[in-house]
Amino acid sequence: MKIEHVAMYVAKLEQARDFFVKYFGGRSNDGYYNETTGFRSYFISFDDGARLEVMTRPQMEAGQKESTAVGWSHVAFSVGSKERVDALTAQLKEDGYEVASGPRRTGDGYYESCVVGVEGNLVEITV
């Protein structure tokens, strides 16, 4: 069994799509639009076969995201090396994204950073 894809609702659909394409090498489909409901989405595919669906619909409600709230916490991307973790973290910081932690070696042996990505969603960058 494998996870086929994960999905997230966003208010700014194209901005979210562009974030994952630009920084994580995703490839987006042409998008989907349901004229009846106003629902729109893009599937973003990554080299290893993982897929992320970013979705929006009219009258989205933005809420405060707490890092310790019940529910999904973050999405993690493996970039292959400590140097790439450092470089991507630096690039995101330079581009105005908040670095929530790291880069650092965690107590369980991971080398990672965590960035507050598009619309306040946490994105972990790891080896």
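Proline 103 sits in strand S7, which spans residues 98-105. Helices (H or I, at least four residues) and strands (E, at least two) are DSSP runs, numbered from the N terminus. This is a predicted model: local features need pLDDT of at least 70, side-chain atom pairs count only at pLDDT 80 or more, and totals for chains, interfaces and linings use all residues. Residues are numbered from 1 along each chain as its sequence is written, and side-chain values use heavy atoms, with hydrogens and water left out.

**Backbone**

- The peptide bond between glycine 102 and proline 103 is cis, with omega about 0°.
- Glutamate 119 is not a glycine, yet its phi is positive, at about 55°.
- Glutamate 119 belongs to the loop between strand S8 (111-116) and strand S9 (122-126).
- With 32% relative accessibility, glutamate 119 counts as partly exposed. Buried means under 20% relative accessible area, exposed over 50%, and partly exposed in between (1.4 Å probe, protein chains only).

**Sheet**

- Four strands form an open sheet in the order S6-S9-S8-S7, with mixed pairing. Two strands pair if DSSP finds at least two bridges between them.
- Strand S6 (74-78) and S7 stand at the edges. Each has a single partner strand, so one side of each lacks a neighbour in the sheet.
- From one strand to the next, the twist averages 15°. Axes are lines fitted to C-alpha atoms, for helices over the stretch in contact, and angles run from 0 to 180 degrees between N-to-C directions.
- S7 and S8 pair in the antiparallel sense, over 5 bridges.
- Arginine 105 has tyrosine 111, in S8, as its bridge partner.

**Helices on the sheet**

- Helix H1 (residues 13-24) packs on the sheet and touches S6 and S9. Contact means heavy atoms within 4.5 Å.
- The direction of H1 makes about 10° with that of S9.
- Helix H2 (residues 82-94) also packs on the sheet, where it touches S7, S8 and S9.
- The direction of H2 makes about 15° with that of S8.

**Salt bridges**

- The structure holds 7 salt bridges. Each is a side-chain nitrogen of Lys or Arg within 4 Å of a carboxyl oxygen of Asp or Glu.
- One of them joins arginine 51 and glutamate 4, with the closest N and O atoms 3.0 Å apart.
- That pair links distant parts of the chain, 47 residues apart. Arginine 51 is in strand S5 (residues 51-56), and glutamate 4 is in the segment before strand S1 (6-9).
- Arginine 51 is partly exposed at 27% relative accessible area. Glutamate 4 counts as partly exposed at 42%.
- Arginine 17 forms a salt bridge with aspartate 18, and their closest N and O atoms are 3.0 Å apart.
- Arginine 17 counts as buried, at 18% relative accessibility. Aspartate 18 is partly exposed, at 40%.
- Aspartate 47 forms a salt bridge with arginine 27, the closest N and O atoms lying 3.0 Å apart.
- Aspartate 47 lies in the loop between strand S4 (40-45) and S5, and arginine 27 in strand S2 (residues 27-28), so this pair ties together parts 20 residues apart in sequence.
- Aspartate 47 is exposed, with 73% relative accessible area. Arginine 27 is partly exposed, with 43%.
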